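This report describes how two protein chains meet. The sequence and structure come first, then the contacts between the chains.

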Amino acid sequence: MTNHRRGGPLQGVRVVELTKVWAGPYAGKQLAFLGAEVIRIESHGSLDVTRTFGVADFDKAPGFMAVNPQKLSAQIDMKSKEGIALLKDLIAESDILIENLRPGAIDRLGLGYEAVKAVKPDIIFVSMGMYGNDGPLAYQTGYAPCFVALGGLSALVGYEGEPPSGMNVRYADSTFGTAAAYAALVALIHRRRSGEGQFIDVSAVETMTSMVGDNVMDFSLNGRIGGADGNRHAEMAPHGVFRCAHGDWISIAVSSDAAWRALAEIMGPPALAEDLRFRTLADRKANELELDDLISQWTGANDAESLAGKLQAAGVAAAKSASSIDLIADGHLWGRGFYRPVTDPTGEERTIVGPAWRMTEAAEITDGAPKLGQHNAYVFGDILGLSQAEQQRLKEAGVTR
Amino acid sequence: MSALSHFRIVELSEGVAGEYCGKLLADFGAEVVKIERPGSGSPTRNMGPFLDDDAGPERSGLFAYLNTNKRSVAIDLESPSGLEMLSRLLAHADAVIDDHAPGWLNTLGLDLADIERRYPKLVLCAITPFGQSAPAERAHAEDLTVIQSSGWGYHTPSGADPDRPPLKGAGRFLASYEAGMEAAMCVAASLYGREETGRGRAIDISKQEVMASRVDYVLGQMVAGDMDVDISRRRFDLGGPAGIFACRQGYVYVWMSAPAHWKAVRELLGDPEWMKAFPDNWLEKGLTPDRIAECRHYLGEWLKTQDKNEAAAAAQTLGLTLVAVNDAKDLRDCAQFKHRAFFAEVEHPVLGRALYPTTPYKLSRTPARIERPAPLLGQHSADVFADPAGASA
C-alpha cells in the first residue's frame, strides 16, 4: 500500500474519524476532498448503520458509499483494551480526531480529550453533538430534523398563516459537518504557529441557528418573532415558485423595478409594466397576492425550462425547480465535474458527488468509499510499523476485526 | 490569542455569502478589510431587519450580524485612485473574498484563471450562484432560484403536497450562508496549505453545488445509480410518522424510527388502548399508511394538551427523540444556549446593545469572539489609507 498524498491544501494532514451516520462522516469527507488523509475506524462489532441498514453487503452499502469517498478504513475493536491502545497509537501519529458518538460515549471508551492529549499533546479534538458537549440539555439526543427544529429553522418554513412544516428531513447533518471541518482547520492553523492543539466542541443546534442569524437579529432588535412565510422575501417581489405546464414549477425572484418591467413585458399585457399596483417594490409588496395570482395564471400554460430561459434572456432571475431527474440530468453539474468518476474498491468506475468548489492545485479525488478494513495493512504496517506477525496476532485476537 | 490574527483579508463581497465568509474569518481574529462603495456602502446595509423598522445604512441588523470585527474602507473601485488603493491593499493581503457575478473580478485585474501570475501568494475565493463557468441561461440568480436548482426547493417541505409550491427553506439567505461557510472552510484550508508551499490559490465556489452537496447522502446514491430518480416531490423523504405536532402552545418535532422509540412513546402516553394493535417493531418492519395516520392522529391529540418543553424533557428521559420547535424568543430563553453563551451582547453606536448569535463551535484555546461591532461606513478609511500595509493593525 502506498501512502496517500494527493495534493491539495491539506496534503500531509492525517485525520482519524470515530464517526457515525452522516454529520461526522461529512466533516471527514470535506477534509478528504481538501487533500487530508482521512482514516475511518470501524469494526465488525459496531458497523455504522449506513453500512448495514437495509443493505445486503456492507462493503457495497449505497448510503455509506455516497458519504465516504476518498477515505481509508481500518478495523479496530474499540470494545477491547488492546484496541483502544492501538487506536491511541494511531492518534499519536495523527493531526485531527473527529467524533460524533453519543453524548459521553467517547469518555466511556477512555478516549476523552484528556486521555487522548496524554498520548498526543497537540491533537485537534473535534467533538460533535446535537447540543454541544455540556450544559443542562446536553443529555438530549436527536437526528437531523431535531437540530433543525431546535435551531429555529423549522418554525420559519411553511405556507403563510399555517403551522410550520419544516425543512426537508435530510437537512442539517451536512451543514453541521461543514461547520466542524472549518473549525478544525482554524485550529490547524493555530497549531502550526503555536504548537498547541485544542478541544473543539461543535453544536448542531447552534449551527442551524447560524443559518438564520438575521432572523434572530430581528428579534434582538425589534422583538419580532418570525414564522412560516411561504416564499416571501422582504426585499423582493415577486419572489415565488409558480406552477407551469406538466406539473413543473418555476422560481422567479425580482430584485429591482427594472427586472419587474422586463418580466411584465414578457408576461404581455401592455399596461402591466406601468400598472400602479406594481411599479415599485413597496407597491408590489402591498399587492403581492394579486401579483402572484397574475403570474401563476401566466406561468400555468408554459414550459418551465423554456420560460426560465426567456426570463433569463431578459435579465430576470428564474429557474425551474429541479426534481431528482433534473438534478441528475443537469449538464452544468456534469460539465463542472461536480459529478465525477472514481474507482471503487473492486476496480469498477463509480460516479460520486464531488466537492462544491474548483480550486487551483486541488487534491486529486480518485477513490470510492473503502471496504471495511481495506487499509488495515497501510495503517497498522506503514503508519504504525507493526510487523506482519504482530498484525496477524491482532487479527486473530479479534483486536482488528 | 486568536487563531487567524496574523492574516489580512480584503473583502470585496457585497452579498450575504461573501460577507458571512468574511465574518467567520474575522470572528477568529483575521483582519478583514471590507471595501465599500462611498456613499451607499454595501447593499446589505440597505436590507432588513432595521432597528425599529426604520431603514438606514447604519440601522441594518443583517449588516450588523454579517460584519462583526471587520474594518470598513470606502473606496470607489471605478476610479483610478480607488484601483490604486486596492492594489496597495492587495500587495499586503493574504486572501481576497468576493461574491460578485463571474467576470466582475477581471474588471479589477483579478483574473481567477491566472491570479498566481500577478499575486502568487494570494488566496482568491469567489462565490457565485452557479460557479465561474455558469451558462448564460443561469446568469441571473437569487438564493431562491439557487435553492430551487439544487433539489432542496422541489423537495421542501417533506411530505410535500404536489399541488402546492416548493418552498425556499428557512429565511431569505440559506444558500448564501451555506456557501459562505463552505468558502471560509476552503480559505482556511488554503491559508494552511500556503504556509507549506508559499503559494496561494484560486477558489471557485458554486452555491448550487454547495446546496446539492449538502444532500450527498441521497444525491450520491442517485448519481451512482443506486437510487431511483423520478418527479416525486417526496423523493428525498424517509416516510414514517415523524413530523411536527402542535402542543398547547407552539410545536414539537418527533422523530420515531426504531422499536425503542415506540416503547418510549407507549410509556410517555401511558400505553393507551389504541397502541395495543401496533406490533412492537412496526416502525422498522410494519410501516403502513393506516398505522402512520393512526399514530399521528392519537399522538397529535395527546400533544395538543401538553407543554412543548415539558413533553420534550419527559420524552428525552425515556429515550424518545422529541424536541421543541423553537422560535426566535425560545432561542433567546434556551437554557442550553445560555449555558454555552451562544448569544453575545454587542454594543453598536447606532443599534445600541443587542444580543447577537455567535458561532457554533467552541475552541478551547482560540475561541471565536466578537471584539468589535460591524463598522460604520468608511469608519476605518483614514487608518487604512495611512497604513495600507496594516503594520499598525
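Between chain B and chain A, 73 residue pairs, both at pLDDT 80 or more, are in polar contact (a pair of N or O atoms within 3.5 Å; within protein, one must be able to donate a hydrogen and the other to accept it, and residues adjacent in sequence count only if both atoms are side-chain atoms). On the side of chain B that touches chain A, helix α6 (residues 174-197) gives the most, with 16 residues; helices are DSSP runs of H or I with at least four residues, strands are runs of E with at least two, and both are numbered from the N terminus. That side is made up by class as follows.

| Class | Residues of chain B |
|---|---|
| Nonpolar (Ala, Val, Leu, Ile, Met, Phe, Trp, Tyr, Cys, Pro) | 81 residues |
| Polar (the others, Gly among them) | 35 residues |

The model is predicted: local features need pLDDT of at least 70, side-chain atom pairs count only at pLDDT 80 or more, and totals for chains, interfaces and linings use all residues. Residues are numbered from 1 along each chain as its sequence is written, chains are lettered from A and ligands numbered from 1 in the order written, and side-chain values use heavy atoms, without hydrogens and water.

The interface also holds 19 salt bridges, defined by a side-chain nitrogen of Lys or Arg within 4 Å of a carboxyl oxygen of Asp or Glu. One of them joins Asp216(B) to Lys29(A), with the closest N and O atoms 2.7 Å apart.

Strand β6 (residues 198-203) of chain A pairs with strand β12 (residues 361-363) of chain B in the antiparallel sense over 3 bridges; pairing requires at least two DSSP bridges. Here Asp201(A) has Lys362(B) as its bridge partner.
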